[in-house]
Structure formats: structure tokens, C-alpha cells
Amino acid sequence: MDSNAIVVGVDGSDEADRALRWAAGTAARRHEPLHIVHGFAPMAGFYGAGLPVLREAYEAFVKAADDLLAAAERTAREAGGPELTITAGKLHEAGPVALIEASRTARTVVLGCSGTGGFTGMMVGSTTVEVAAHARCPVVVVRGRDEATGPVVAGVDGSATSERALGTAFEEASWRGVPLVAVHVWADADIAGPPGTVPFLVDWSEIEQDAQRLLAEQLAGWQEKYPDVVVERVVARDRPRHQLLSWSTRAQLVVVGSRGRGGFRGLLLGSTSQALIHHAQCPVMIVRPDAV
């Protein structure tokens, strides 16, 4: 596959087909290549076993996989147009392994929110979570509304992973030509301490001002780099998942880090990113740290 390609996993399911069309359209608009991946490992242990029936069964699986990829290429061509560069690979590995390996040189990996077939068990909470947790590039989970309208929304919490996600969100908003909504939230529990304690003397207006300053500091360098992007700042006393799920009803893409300030070291996916890939009403991009 070409380096820096947009990679999409296919398995013949309707959700994978939606992801394929989204990936092809995105690749065409970005003038970047599309690489279609099918993780293929059924009955691999029987290959060359010398049993005619098993060989025939294996050959039937191979033909089915080849047919699936051929159909996927036709769908991608229809969605991406004649100028789109398309490659495809039938990898003799399970779906998650194939996609994680492809992510080493990809720009983005794109998945449907559920699936069947070659990516067996490709449901939110299994393959999708595994790839989002381990990929070496951003992962987009295509879900929710089909129409690509509204701003790009980024979750900002001051963590290093959030900083990288914010830069990715600016780049996405810039090439799409849409505004960026930067959302930073704080909650009573962040200030109150252990459960059962009551912050009688907390100055909530000062806490909000601190949150505004943190968001402004995070945005400053990126706004200089992307002066074409109109930014709306949102600071709210809420939980991140609540705000971002609400914004997903009117966004065309929500971008978050794989885990934020609330995650302990070694946590691969935080509660906010998990909530979004399960419940968001638009595609979600999960951005991993540089070092994984």
C-alpha cells in the first residue's frame, strides 16, 4: 500500500460498507490514496493439509474473500470517483491485527461501528476498540448521521494526548473548510475531592476563568498555524462525554484523544472516547499518543 494512505477495513457488512464510502469520499477530496484491507484467516491451519475436502473449503473461502475485495473496490470507485487511487489487500491475519499493522504507515484507519465476516466480532467493544486502542495513527469510527454537515468538534482537557488531538482537529477543519468547536469542561467532582466532601469555599467563577485560560493557551499556537479556521470556544461545567455527545448531533466529526487527564498510566482508551465510539451521532476520530 502507499504510505500515508487512508486505510479502511471491510468485511461485507452494511456498517463496513458505510465506512468504505466515507473513507473513499474523504480520500478523493484529500487527493490521497485509499487502501482497502480484509483480514482473512479462516481455516488457515488446514492449508496444504492434503485433504481434498478441506482444500476445496479453503479455496472457497479464498474466492469469497477475493469477491468481497472486488466488490469493495467497485464501491470505493463509485464513492471516490475515477481519479482516486485504490489498492486492496487480503491479509492472512485476523482483522484487528491486519489493521493495526497497516496503521504503521497509514494516515488514518477507518472502521464501521460493527461488522461480520472477515472481521469476526467487529462490534463496538471488540475489534473497533482494539484497533482504536493500539493503532499507530488516528482511527475514525464511522457512525451516526450520513450527511457531512456542521463543524469539527474537539475535546480539550490539557493533556498531551489532547494536544495532539487538537492539532489533528485543526487540520481536519482546515481542509474541510468548516469551523472548529473546541470544548473544555470541568466538573464539581474535579474540585470537590473524594466523594462525600462539599467544597463550601470554592469560587466557581475563578474555576471557570482558569478553565478559559487553559483552553486559550491550548488553542493559541494552533490558531497561529491555521489562521483560516474559525474557532468557537466552549467551556462548560459538565462531564466531557455529555458535552461531546451533545455536540455530535450537529457536528460532522468529533476528535478526541484516546485517553485524557483522568486516565491512569497504561490506560489505552478512556471513558470519554469509549462513550463516543458507542453513542456518538457522527463519525468519531480517536487520536493516539505519538509513543505507543
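Is Cys282 buried or exposed? In this predicted model, Cys282 comes out buried, at 1% relative accessibility. As for cysteine pairs, the disulfide count comes to zero.

Zooming out, the protein chain runs to 292 residues, of which 48% are buried. Its secondary structure amounts to nine helices and 10 strands. Take the contacts between residues at least 6 apart in sequence: 77% of them join residues at least 24 apart. The chain exposes about 13600 Å², and carbon and sulfur atoms supply 53% of that area.

Now for the inside. The largest nonpolar core holds 44 residues, and Leu34, Ile36, Val110 and Leu180 have the most contacts inside it. Helix H1 (residues 14-30) gives this core its largest share, six residues. Setting aside neighbours within four places in sequence, the contacts of Ile36 include Val8, Val10, Leu20 and Leu69. Also among them are Ala72, Ala76, Ile86 and Ala88, along with Glu73 and Thr87.

The sheet comes next. Its 10 strands form an open sheet with mixed pairing, and the order reads E3-E2-E1-E4-E5-E10-E9-E6-E7-E8. At the edges stand strand E3 (86-91) and strand E8 (231-237); each has a single partner strand, so one side of each is left without a neighbour in the sheet. On average, neighbouring strands are turned by 20 degrees against each other, direction ignored. Helix H3 (residues 95-102) packs on this sheet and touches strand E1 (6-9), strand E2 (34-39), E3 and strand E4 (108-112). The direction of H3 makes about 150 degrees with that of E2.

Strand E9 (residues 253-257) pairs with E10 in the parallel sense over four bridges, and here Val255 stands opposite Met285. E5 and E10, by contrast, run antiparallel and are joined by three bridges; in this pairing Met285 is the bridge partner of Val140. In a regular strand, side chains alternate between the two faces of the sheet. E10 can be read that way: Val284 and Ile286 point one way, Met285 and Val287 point the other way, and all are buried.

Six of its eight residues are buried, so H4 is largely enclosed by the rest of the structure. The buried ones are Thr127, Thr128, Val129, Val131, Ala132 and Ala133. What covers them includes H3 and E4, as well as strand E5 (139-142), helix H9 (271-279) and strand E10 (284-287).

Note on methods: Residues are numbered from 1 along each chain as its sequence is written. This is a predicted model: local features need pLDDT of at least 70, side-chain atom pairs count only at pLDDT 80 or more; totals for chains, interfaces and linings use all residues. Side-chain values use heavy atoms; hydrogens and water are left out. Helices (H or I, at least four residues) and strands (E, at least two) are DSSP runs, numbered from the N terminus. Buried means under 20% relative accessible area, exposed over 50%, partly exposed in between (1.4 Å probe, protein chains only). Contact means heavy atoms within 4.5 Å. Accessible areas come from the Shrake-Rupley method with a 1.4 Å probe; for residues, only the protein chains shown count as cover. A nonpolar core is a set of buried Ala, Val, Leu, Ile, Met, Phe, Trp, Tyr and Cys residues joined through side-chain atoms within 4.5 Å. Two strands pair if DSSP finds at least two bridges between them. Axes are lines fitted to C-alpha atoms, for helices over the stretch in contact, and angles run from 0 to 180 degrees between N-to-C directions. A disulfide is a pair of cysteine sulfur atoms within 2.5 Å.
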